[in-house]
Amino acid sequence: MKKFLFILLIANICLFAQSEQKSVELPDFVILGRQRIDVPTISKNKPELVGIVSEDFLLPKYSPEELPLLISNFPKPVIPVIDDLDNSFFGNVNFGLGRYTYPLGELNLNKMLNYYLLHVKVWGTNIKEYIPFAGYNVSGISIDNNFFVSTNSNLLPGSEIKLNGIYTRDSYHFFGSNSPDSIRNTGKSSFNFSFTNNYNKWVNAGINLKANFLNIRENNFKEKLLFGSGYFESRIQRFLIGGNFIYQKQILTNNLSGIDSYNNYLVEGYSKINALKNIILKLGVSYSSTDNDNFISPFASANIKINNELAFNVEFNPHSEFLTISNFLERNLYITTNDSLDNVFMKVPIDLNASLKYEYKNQMILKIWSAYKSIKNYPYFEDNKQKGFFNVYTQDNIQSYELGTDILLNSSIYGFIDATFRLSSIKNEDNKYIPYKPLYNFNITYGYNFPINIGINIKYNFMKHYYADLNNSKLIPDYHNLSFGINYNISNLSFKADFHNILNRSNFVFDGYQEKLFDIILGVEYRWQ
């Protein structure tokens, strides 16, 4: 216990000290141009309010938020089953070396004491130059504190309080540009406080406060994002009314426009009706605004349970999104802040989607979905001014059509399969595809655990038909990435081997930025409880 308190003290000191340094951090979603990447459509940027004690909190795993995508296929740690968490101290440590990836490591420390959960994580990785200047280095630390109020308490029973902090920094070159030796050092810190109470059957509420800090050292660019959000719901028999709000303030230093702050507001009110046994209806209205623009629209959805296995959902959800430099950097590490927009207020006046989901005994989930969107002020990336340095531009009157299938199979006999296919057409009014938005996207993962304590994991990622420019004159070659992982478990010890880009293809997500070539990573993990 004394050792644990000493480690916790050191970790908190490091987190506080590093948050004051002038360096930078790893975005929540990293695009490195080196390892398999989903190029996502932009999703609604709302802070998460509802929190529960989850396996992901108790049993931390590798994820793209904490490790760069070029090692995201590293086999996930296998944690022993925890039968009694009261007053327990458990964790794991991972270490790996590879052809281009060395070293990489992650340490997780967890402590549960009655109604308190603590998770401390320290991680880092270094990617060697597989082509000139193509290396990457990242490290970080996070501390998560969860406090729970007993359901037998007289004051706010069942409440949860979270107090979290994270700091990350990374360093890389613009190796796909005409100045490949240009280096970027970035750092990001984030602090979050939230209070939620969803225990009461009739009234639920929550509040969330968050501050994000981004520092790009090459031009001393800084962005501060202050968030405040909350929600409230009240239920009367089969009828529920609720609302939520979000406030964001962006503060900028050394930006080109000279405007040092922006504000964004969002207010929503809605009602849910469960008048029929198998149908849930939701109706509401949303209003959002920035300093010089606003958006208002109704929204509605219907969820129909056809039987115990089959459900149909249809949704009309016009909305807006306030996207900042941090959001752009999450999608493309190689943006330039010298000549780009400070933010984008994107409006989606039409957002219509429908899905049909079949679920069988938690062993199989099959989902078919489609979506149509009409979008104004849609952001995209293009390096038409200086090769390899991407600017952020916007387009109006975007038409987006998507069709997809998700399949999840989980069998103790045949293993685990997770597959997704997406057909996505995103064009402007001149019938041109938006750059770096693949028309075809297919991903599949297969995993199996043998009785002899050996587990395997196979992944294949495919993207086709995406352009590097708005004129659609440069087509990026098809993307193929096959990876394979194997691990052998002995008690609390696991030995792992991970093979990336087995086909040794020259894959590109962004023009000029080649992803990592064939790599072998050997690793070991130790767990304790």
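Predicted model: local features only at pLDDT ≥ 70, side-chain atom pairs only at ≥ 80, totals over all residues.
Ile304 stands opposite Phe312 in strand 13.

**Strands 12, 13 and 15**

Strand 12 (residues 294–305) and strand 13 (residues 310–316) run antiparallel and are joined by six bridges. A hairpin of four residues links strand 12 to strand 13. On to strand 15, strand 13 makes seven bridges, and these two strands also run antiparallel. Leu310 has Tyr358 of strand 15 as its bridge partner.

**Core**

Which residues touch the most other members of the largest nonpolar core? They are Phe328 and Tyr334, in a core of 47 residues. Several elements each supply at least two residues of this core, including strand 4 (136–148), strand 7 (203–216) and strand 14 (319–324). Helix 3, strand 15, strand 17, strand 18 and strand 27 (508–510) are also among them.

**Aromatic pairs**

A pair of aromatic rings is described by the distance of the centres and the angle of the planes. The model has 25 aromatic pairs. Two of them are set out here.

| Pair | Centre distance | Plane angle | Class |
|---|---|---|---|
| Tyr334 and Tyr513 | 3.8 Å | 15° | stacked |
| Tyr380 and Tyr393 | 5.8 Å | 35° | tilted |

Why is the pair of Tyr334 and Tyr513 stacked? Its planes stand at 15°, and the cut-off for stacking is under 30 degrees. Tyr334 lies in the loop between helix 3 (325–331) and strand 15 (343–360), and Tyr513 lies in strand 28 (residues 513–514), so the pair ties together parts that are 179 residues apart in sequence. Both Tyr334 and Tyr513 are buried.

The planes of Tyr380 and Tyr393 are at 35°, so that pair is tilted. Tyr380 belongs to strand 17 (residues 378–386) and Tyr393 to strand 18 (residues 389–395), so the parts tied together are 13 residues apart in sequence. Is Tyr380 buried or exposed? Tyr380 is buried, at a relative accessible area of 7%.

A charge also meets a ring: Lys282 lies over the face of Tyr270, at 4.5 Å from the ring centre.

**Confidence**

The protein chain averages a pLDDT of 85, and 84% of the residues score at least 70. Where does pLDDT stay under 50? That stretch is residues 1–85, for which the model has 279 contacts beyond four places in sequence.

Methods:
Residues numbered from 1 in each chain as written. Heavy atoms only, no water. Phe/Tyr/Trp six-rings, centres within 6.5 Å; stacked < 30°, edge-to-face > 60°. Buried < 20%, exposed > 50% of the residue type's maximum accessible area, 1.4 Å probe, protein only. Lys NZ or Arg CZ within 6 Å of the ring centre and 35° of its normal. pLDDT = per-residue confidence, 0-100. Contact = heavy atoms within 4.5 Å. Pairing = 2+ DSSP bridges. Core = buried A, V, L, I, M, F, W, Y, C linked by side-chain atoms within 4.5 Å.
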